[in-house]
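Please look over the following notes with the model open beside them.

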Amino acid sequence: MQEKELSGDAFVEDVSKEFASEHSSDSDDGYLLTPERRASAERKLKAKLDRRLLPTIVVIYIMNYIDRTAVTSARLKGLEQDLHLSDIQYSVVLAILFVAYCPAQIPSNMILNSISRPSLYIASCVILWGLTSLLAGVTKNYAGLLACRIFIGFPEAAFYPGSIYLLSRWYTRKELALRSSILYAGLIISNAFGSLMAAGILSRMEGKLGVRAWRWLFYIEGALTIVIGLQAIWLLPDYPDNTRWISAAERRLARVRLAEDAGEADEDSDNDTAWQGLKLALKEPKVYIFAMISFSELLGMGFINFFPTLTATLGFSTTITLLLAAPPWIFTAILCVINARHADRTGERFWHIVVWWALVILGFIIAQSTMSVGGRYVSLFLMATGQIGFAMTLVWVSNTIPRPPSKRAASIGVVNGFGNIGNLVSSFVWKVEWSPKYTPSMVIGICSLLVSISLALVIRIMLVRENRRLDQDEQGALKEAKQERIEQAAKLEGITVEEAMDKKRGFRYLY
């Protein structure tokens with residue numbers, strides 16, 4: 001499907017035309033579905049989303065990870081000494097965030113699926129974690145920092161799985177990988193920008209107004225996040241049936257696109273409650289396999305929380321170390337978008353994920369083979385590319401469990417929530433006493449990524465078999481479908497139920 005180039009145009013044009021589009025002289029909200037208008041209308045709708053939704057969530061995600069990992073940069077400028085933290089206490093500070101972050105993702109996505117204004121919910125969470133991050137700068141001891149890390153985990157839990165779910169309510173399966181990876185590129189870039197921002201703050205703010213530079217790091221980054229959260233209230237969309245800054249005809253077109261994509265309306269029936277969605281997710285074997293994939297890959301890539309520390313093993317000053325930490329992430333962000341675009345065009349998932357985990361393993365091997373600056377720096381580039389595979393994981397979950405929305409939302413929450421326990425465990429894997437080679441840490445990483453690759457192969461085999469079953473049984477696609485959602489899809493598209501059923505028979509899983 002032809003894609004319109006992502007644009008950074010100002011939003012003023014959209015806002016100025018909003019009233020006119022809402023009160024179009026053409027009162028038929030289905031007029032954009034006519035063959036002569038459909039293609040152009042789709043391009044315009046996607047372009048509108050691409051220049052308003054995507055930039056907003058990317059900027060939020062950059063701040064999300066900068067706030068979460070600020071403590072690792074602050075460590076380089078005296079946080080441990082000022083708060084009298086031992087090595088084990090510092091590891092607990094890193095890990096405790098995930099104690100709140102992991103379990104909160106499941107109820108958060110259930111709430112998101114149940115409410116009508118995700119824009120308000122997500123923006124409120126952004127403001128709350130920005131405030132909590134800012135307050136970390138005033139802590140005086142281990143207990144205070146620990147409390148801030150616990151409470152920052154709850155609102156942060158809403159964002160990444162919630163954003164993937166929100167994207168899946170607007171984009172089709174073959175559009176989702178690119179958009180999700182652009183979002184995840186925000187996280188990857190945050191590792192670069194976070195290091196650059198931290199380098200500037202830590203090198204220039206030491207002692208300003210009698211405050212240590214690491215405290216300024218929390219103040220500045222937290223305040224910036226709060227400002228962005230306030231802007232997100234009006235920038236983010238809600239759902240296709242109630243977003244106010246698109247016309248009624250565009251709202252119907254958005255719903256029709258998703259109905260055609262899976263052969264069912266992307267809407268819950270009266271019986272598809274949040275709890276029912278969770279029950280359906282917990283009965284789905286593939287959810288458990290995806291959860292283990294996510295756990296293993298995040299455990300294997302736990303170095304991301306220690307990347308400045310690993311870069312410091314090259315032997316340079318604090319400022320140079322933080323500057324050197326940026327290029328691997330910029331390189332990875334570019335590859336992430338290229339990989340996702342190709343995945344969308346081909347509809348392939350497995351190889352677009354596991355090849356990057358294999359490169360991480362290669363990076364570990366190189367890091368263990370040499371202590372030369374050049375060799376270890378190359379290994380950091382290879383290790384960073386592993387995030388590209390993670391960027392595609394929840395996309396694959398969303399593609400594999402498309403309906404009903406309540407089940408998809410719960411599945412994304414379960415997979416990402418359980419998976420981030422791997423981040424919690426990895427906080428204790430990269431121990432200072434194992435530096436500078438971190439041999440035990442990298443051996444654990446290699447084993448974890450091999451488990452992820454093996455389980456991803458299991459998912460691929462399962463989906464291949466599912467598609468063969470659907471090929472052999474013409475009615476197979478209808479057995480798992482909800483009649484009510486097929487009827488709703490027919491109504492949205494302006495076709496008969498029989499025609500909608502024919503479209504549903506053409507549904508196949510992406511692997």
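**Notes on helix packing and backbone geometry**

1. Helix 4 passes helix 6 in a right-handed crossing (the near helix is turned clockwise from the far one by less than a right angle; the left-handed case is anticlockwise). Helices here are DSSP runs of H or I with at least four residues, numbered from the N terminus.

2. This is a predicted model, in which local features need pLDDT of at least 70 and side-chain atom pairs count only at pLDDT 80 or more, while totals for chains, interfaces and linings use all residues. Residues are numbered from 1 along each chain as its sequence is written, and side-chain values use heavy atoms, with hydrogens and water left out.

3. Axes are lines fitted to C-alpha atoms over the stretch in contact, and angles run from 0 to 180 degrees between N-to-C directions.

4. On the helix 4 side, the residues in contact include Val-92, Leu-97, Tyr-101 and Ala-104; on the helix 6 side they include Tyr-142, Arg-149, Gly-153 and Glu-156. Contact means heavy atoms within 4.5 Å. The contact of helix 4 with helix 6 has 14 nonpolar, 2 polar and 2 charged residues (Ala, Val, Leu, Ile, Met, Phe, Trp, Tyr, Cys and Pro are nonpolar; Asp, Glu, Lys and Arg are charged; the others, Gly among them, are polar).

5. Helix 4 also packs with helix 11 (residues 274-282): the axes come within 9 Å and cross at roughly 130°. By class, 5 are nonpolar, 1 is polar and none is charged.

6. Most residues other than glycine have a negative phi, and most peptide bonds are trans. His-84, in the loop between helix 3 (79-83) and helix 4, has a positive phi of about 55°. His-84 counts as exposed (over 50% relative accessible area) because its relative accessibility is 65%.

7. Leu-209 also has a positive phi of about 55°. Leu-209 is in the loop between helix 8 (173-204) and helix 9 (213-235), and is exposed at 78% relative accessible area.

8. Which residues does a cis peptide bond join? They are Ser-435 and Pro-436, with omega about 5°. Pro-436 is placed in the loop between helix 20 (421-426) and helix 21 (439-472).

Terms used. Helices (H or I, at least four residues) and strands (E, at least two) are DSSP runs, numbered from the N terminus. Buried means under 20% relative accessible area, exposed over 50%, partly exposed in between (1.4 Å probe, protein chains only).
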